Amino acid sequence: MERTQLLSLTQAELADFLRPLDKAAFRAKQVGEWLSRGASIEEMTNLPAALRARLAECAVANPVTIRESFRSRLDDTEKLLYELADGNLIEGVVMRYHYGDTLCLSTQVGCRMGCRFCASTLEGRVRDLSAGEMLGQVAAVNRYLEPEGRRVHNIVLMGSGEPLDNYDNTVKFLRLVNAPERMNISLRNVSLSTCGLVPQMRAFAREGLPVTLSISLHAPNDEVRKKLMPIANAYAMGDVLAAAREYVEKTGRRVIFEYALVKGVNCELRHADELAARLRGLRCHVNLIPLNAVRERDLTPPARGDVEAFLRRLEARHISATVRREMGADIEGACGQLRRRVLQNRHQE
Ligand code: SAH
């Protein structure tokens, strides 16, 4: 029998689950509080021992365990390697900022989107994460940060996986992380990054969740985009931009376009001009990311000067843009690099 993941349940679902096991109405509140703190069932010491024993047989409290951590010597980022209940590994990044810590969260084990520059997708998708496994990352990190008096304040769904390819679990996670009985994190502090799955972007705009939508564009036109992102063969850039416009209209929030600068592919000034022309009139911000070179791919970032020139050109065309700070460069901060190295070492053992 597969055990129920309690962290995947809403408070009402948790109460329904517990009722046949224990009649006391306040159990759901007690268990909910423990779950939000990332506790295991054994640690739920205010429950009767008999109930804890029953729960241990049929349920899992936190399905995510931090296995290793690597703290950057260059900045305050820390890369985490988590193990899931079935032994799968995923990774995350904590960025300590004075205004509150940000956690970069994974939504799938692996990814099937196939972006040419990304290490998360090299072996495809293994499986989707449940809502509880996403919430479990937050709970585990809150526990990890507690001795420092810190906790997760902002969340970016920018770890491995494509969140909108795991739509239902991601939306459930967003509602749970926001719930006062769980993490109580404002959705205004959450960003979701997508490679541009148009139908799901449209559906997401109608969910009424005040999340910041980031869209991985990485190109000024379809021809260049197809060189970097196979998904560009499924959805034309014009349709991605139309869905972005719809998101702005429905939610009143500007969207972020991510643009990884890849030498010899997408970072000439004519590309900046074309990008500016296509984004004109859209309430947006462009995040330029000098490519994080991945060992397995022969793509490289442009020279620093070219990054600056690209940025200045967008600004001259009245497009709001910044260059993302590179963090954690010494701890394999880029998506999927750490998990991949650990898996390779496992194979060699
Ligand atoms: N599937 C989501 C989340 C991916 S990770 C998406 O595609 O948006 C978040 C961002 O990091 C994406 O914009 C992704 O394209 C980018 N990214 C992945 N690998 C990178 C690399 N090696 N260098 C720079 N950016 C990278």
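A polar contact is taken here as a pair of N or O atoms within 3.5 Å; within protein, one atom must be able to donate a hydrogen and the other to accept it, and residues adjacent in sequence count only if both atoms are side-chain atoms. The structure is a predicted model, in which local features need pLDDT of at least 70 and side-chain atom pairs count only at pLDDT 80 or more, while totals for chains, interfaces and linings use all residues. Residues are numbered from 1 along each chain as its sequence is written, and side-chain values use heavy atoms, with hydrogens and water left out.

A backbone N or O atom of Asn292 is placed 2.8 Å from a nitrogen atom of the ligand. Of the 540 Å² of accessible area that the ligand has on its own, the protein covers 94% (Shrake-Rupley method, 1.4 Å probe). Around the ligand are 17 residues, of which Glu162, Ser193, Ser216, His218 and Asn292 come nearest (a residue is near if one of its heavy atoms lies within 4 Å). This shell comprises eight nonpolar, seven polar and two charged residues (Ala, Val, Leu, Ile, Met, Phe, Trp, Tyr, Cys and Pro count as nonpolar; Asp, Glu, Lys and Arg as charged; the others, Gly among them, as polar).

The unreviewed UniProt entry lists Gly161, Glu162, Ser193, Ser216, Leu217, His218 and Asn292 under "binding site"; UniProt positions follow the numbering used here, feature names are shortened, and annotations may be inferred rather than shown by experiment.

Glu162 lies in the loop between β9 (152-157) and α5 (167-178); helices (H or I, at least four residues) and strands (E, at least two) are DSSP runs numbered from the N terminus. Glu162 is buried because its relative accessibility is 3% (buried, under 20% relative accessible area; exposed, over 50%; partly exposed in between; 1.4 Å probe, protein chains only). Beyond four places in sequence, its contacts include Ser193, Thr194 and Cys195 (heavy atoms within 4.5 Å). Ser216, in strand β11 (residues 212-216), is likewise buried, at 11%. Ser193, Thr194 and Cys195 are also among the residues that Ser216 touches outside that sequence range.

Most residues other than glycine have a negative phi. His218, in the loop between β11 and α7 (222-228), has a positive phi near 65° and is buried at 5%. His318 also has a positive phi, of about 65°, but is exposed, at 75%, in the loop between α10 (304-316) and β14 (321-323).
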